Amino acid sequence: MKLDGRRFSNNVDDRRGRSGGGGLKVGGGIGAVIIAALITWALGGDPLSVLSGMSDNIPGAQSAQSSYTPTAQEEELADFSRKILAGTEDVWTEEFRKLGREYEPPKMVLYSGSTTSGCGTAQSAMGPFYCSADRALYIDLSFFSQMRQTLGADGDFAYAYVIAHEVGHHVQYLLGTLDEAHEQMARMSEADANRMSVRIELQADFLAGVWANHDNRMFGSLEPGDLEEALDAAQKIGDDYLQKQARGYALPETFNHGTSDQRYRWLNRGLRTGDIRQGDTFSVPYSDL
């Protein structure tokens, strides 16, 4: 991506190196934990409980804050993330204005190891997530390295897609879509709730694509290969792909983010159209998603 000269967002709470209480610094030798966390991030559910009680059982786990020193690469990722967040602010401010509404940007919390959130304790191995309780997205930047090493999903636009997807959930929250869907899920069977979750997540993928379309229109940010990076990442965090990687087989009834093909399709639709009106994943028959 071409980001030279782009502004940095001011809506960033950098907590890296601060004590978060009970967090883990995930290092070498625990690839299974990383894979499980990547699956949790990509498959939804309750990411804040994925590592509950695990810290005492992971060899080599240590407090992230006891010896935390950001690397030069991490500082580059922090600057990159601030610029991407600023881009989402610019795009969604304009898009909300078209809808006759005012966009209220989310906060992005950068942390290392663990931190507190409005949704509970955030831990690095959970991966990025959005918490509507405090309108913030939480990211430990080490996730991007694990994303590359564990899934082979790499590239600056692939990383931007992750951030834009979480901002997509914020857009859903502001439009009332997220709360309405969650209210319906509370009254559904587990299988139906999973299908509703798929609709939520595919729309967030679509909104990430809409952002990329307009960011490129406004700033000429995309370079050759960027689109392929994001679309490749979307496929590698599909429910079916991740479950086959972890288990050797997939259980469609447990899918709650969408298959690789679905995630590719909805992200690509947003990229191609840039039209928020084309992203209604809730009225489409489930079999047609």
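Let me start with helices α4 and α7. The axes of α4, residues 156-175, and α7, residues 226-236, come within 7 Å and cross at roughly 55°. Axes here are lines fitted to C-alpha atoms, for helices over the stretch in contact, with angles from 0 to 180 degrees between N-to-C directions. Helices are DSSP runs of H or I of at least four residues, strands are E runs of at least two, and both are numbered from the N terminus. That angle makes α4 oblique to α7; under 35 degrees would be roughly parallel, over 145 roughly antiparallel, 65 to 115 roughly perpendicular, and the rest is oblique. The crossing of α4 and α7 is right-handed, that is, the near helix is turned clockwise from the far one by less than a right angle.

On the α4 side, the contact is made by Asp-156, Phe-157, Ala-158 and Tyr-161. From α7 come Asp-226, Leu-227, Glu-229, Ala-230, Ala-233 and Ala-234. Contact means heavy atoms within 4.5 Å. By class, that gives seven nonpolar, no polar and three charged residues. Nonpolar covers Ala, Val, Leu, Ile, Met, Phe, Trp, Tyr, Cys and Pro, charged covers Asp, Glu, Lys and Arg, and the others, Gly among them, are polar.

A word on the source. This is a predicted model, where local features need pLDDT of at least 70, side-chain atom pairs count only at pLDDT 80 or more, and totals for chains, interfaces and linings use all residues. Residues are numbered from 1 along each chain as its sequence is written, and side-chain values use heavy atoms, with hydrogens and water left out.

Staying with α7, Lys-236 is in that helix. Is Lys-236 buried or exposed? Lys-236 has a relative accessible area of 18%, so it is buried. The cut-offs are under 20% for buried, over 50% for exposed, and partly exposed in between, with a 1.4 Å probe and protein chains only. Beyond neighbours within four places in sequence, Lys-236 is in contact with Leu-151, Gly-152, Ala-153, Tyr-241 and Leu-242.

Leu-151 is buried in α3, as are Phe-143, Phe-144, Ser-145, Gln-146 and Met-147.

Most residues other than glycine have a negative phi. Arg-135 sits in the loop between β5 (129-131) and β6 (136-139), and is partly exposed at 34% relative accessibility.

Last, Gln-262, in helix α9, residues 260-273. Gln-262 counts as buried because its relative accessibility is 12%. Leaving aside neighbours within four places in sequence, Gln-262 is in contact with Val-198, Leu-202, Tyr-286 and Leu-289.
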